[in-house]
Amino acid sequence: MAKLKVICCCGAGMGTCMLVRSKVDKVLTKLGVDAKIDIESVSNAVLVAKNYDAVVCNHNLTSKFAKAEAAGLKVLGLVNVTNLKEIEEKFLESGLIPKAD
């Protein structure tokens, strides 16, 4: 499996997305996934989303990525950005990571 490219974003690209990045890193490491995880403000993330496999953000921001999602980007909108179980479920449901048997 090639390195998964993920971008985590929040409104300003400074606080929440740094927290989300650490949580996503923890989950992907647990799942054995090699990933490059970047952070951005939502306005910048929209501009560069096409360069990534997935975007992770608060569920209130997912509509900003409608065009990129239509082009194949996986948009993972979180209700609770600190919930490791939710993050893991979103990645597994996305089809980006094969489910363990």
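1. S41 lies in strand β2; helices (H or I, at least four residues) and strands (E, at least two) are DSSP runs, numbered from the N terminus. At 10% relative accessibility, S41 counts as buried, where buried means under 20% relative accessible area, exposed means over 50%, and partly exposed lies in between (1.4 Å probe, protein chains only). The side chains of S41 and S43 are joined by a polar contact of 3.2 Å. A polar contact is a pair of N or O atoms within 3.5 Å; within protein, one must be able to donate a hydrogen and the other to accept it, and residues adjacent in sequence count only if both atoms are side-chain atoms.

2. Basis of the values. This is a predicted model, in which local features need pLDDT of at least 70 and side-chain atom pairs count only at pLDDT 80 or more, while totals for chains, interfaces and linings use all residues. Residues are numbered from 1 along each chain as its sequence is written, and side-chain values use heavy atoms, with hydrogens and water left out.

3. The sheet. Four strands form an open sheet in the order β2-β1-β3-β4, with parallel pairing; two strands pair if DSSP finds at least two bridges between them. β2 and β4 stand at the edges with a single partner strand each, so one side of each has no neighbour in the sheet. On average, neighbouring strands of this sheet are turned by 20 degrees against each other, direction ignored. Axes are lines fitted to C-alpha atoms, for helices over the stretch in contact, and angles run from 0 to 180 degrees between N-to-C directions. Between β1 and β2 the parallel pairing extends over seven bridges. C8 stands opposite I39 in β2.

4. Helices on the sheet. Helix α1 lies across β1, β2, β3 and β4 and runs at about 150 degrees to β1. Helix α4 also packs on the sheet, where α4 touches β1, β3 and β4, and the direction of α4 makes about 155 degrees with that of β4. Contact here means heavy atoms within 4.5 Å.

5. The nonpolar cores. A nonpolar core is a set of buried Ala, Val, Leu, Ile, Met, Phe, Trp, Tyr and Cys residues joined through side-chain atoms within 4.5 Å. The largest one has 20 residues, of which V6, C8, V24, L28, V56 and F91 touch the most other members. Two or more residues of this core come from each of β1 (4–10), α1 (16–30), β3 (54–58), β4 (74–78) and α4 (84–94). The largest share, five residues, is given by α1. Which residues does L28 touch, not counting residues up to four places away in sequence? L28 touches L4, V6, V33, A35, I37, F91 and I97. A second, separate core of 13 residues includes V42, V55, L61 and L73.

6. Helix α4. The buried residues of α4 are E86, I87, E88, F91 and S94. What covers them includes β1, α1, β3 and β4. After α4 comes G95, whose phi is positive, near 85 degrees.

7. Salt bridges. The structure holds four salt bridges, each being a side-chain nitrogen of Lys or Arg within 4 Å of a carboxyl oxygen of Asp or Glu. In one of them, the side chains of K3 and D34 meet at 3.9 Å, N to O. K3 lies in the segment before β1 and D34 in the loop between α1 and β2 (35–41), so this pair ties together parts that are 31 residues apart in sequence. Both residues are partly exposed, K3 at 45% relative accessibility and D34 with a relative accessible area of 47%. K36 forms a salt bridge with D38, the closest N and O atoms being 2.6 Å apart; K36 is partly exposed at 38% relative accessibility.

8. The side chains of K85 and E89 meet in a salt bridge of 3.9 Å, N to O. K85 and E89 are four residues apart in helix α4 and therefore separated by about one helical turn. An α-helix has 3.6 residues a turn, so residues three or four places apart point the same way. K85 is exposed, with a relative accessible area of 57%, whereas E89 is partly exposed at 35%.

9. Residue K30. K30 is found in helix α1 and, at 59% relative accessibility, counts as exposed. K30 and E88 are 58 residues apart in sequence and 9.3 Å apart in space, C-alpha to C-alpha.
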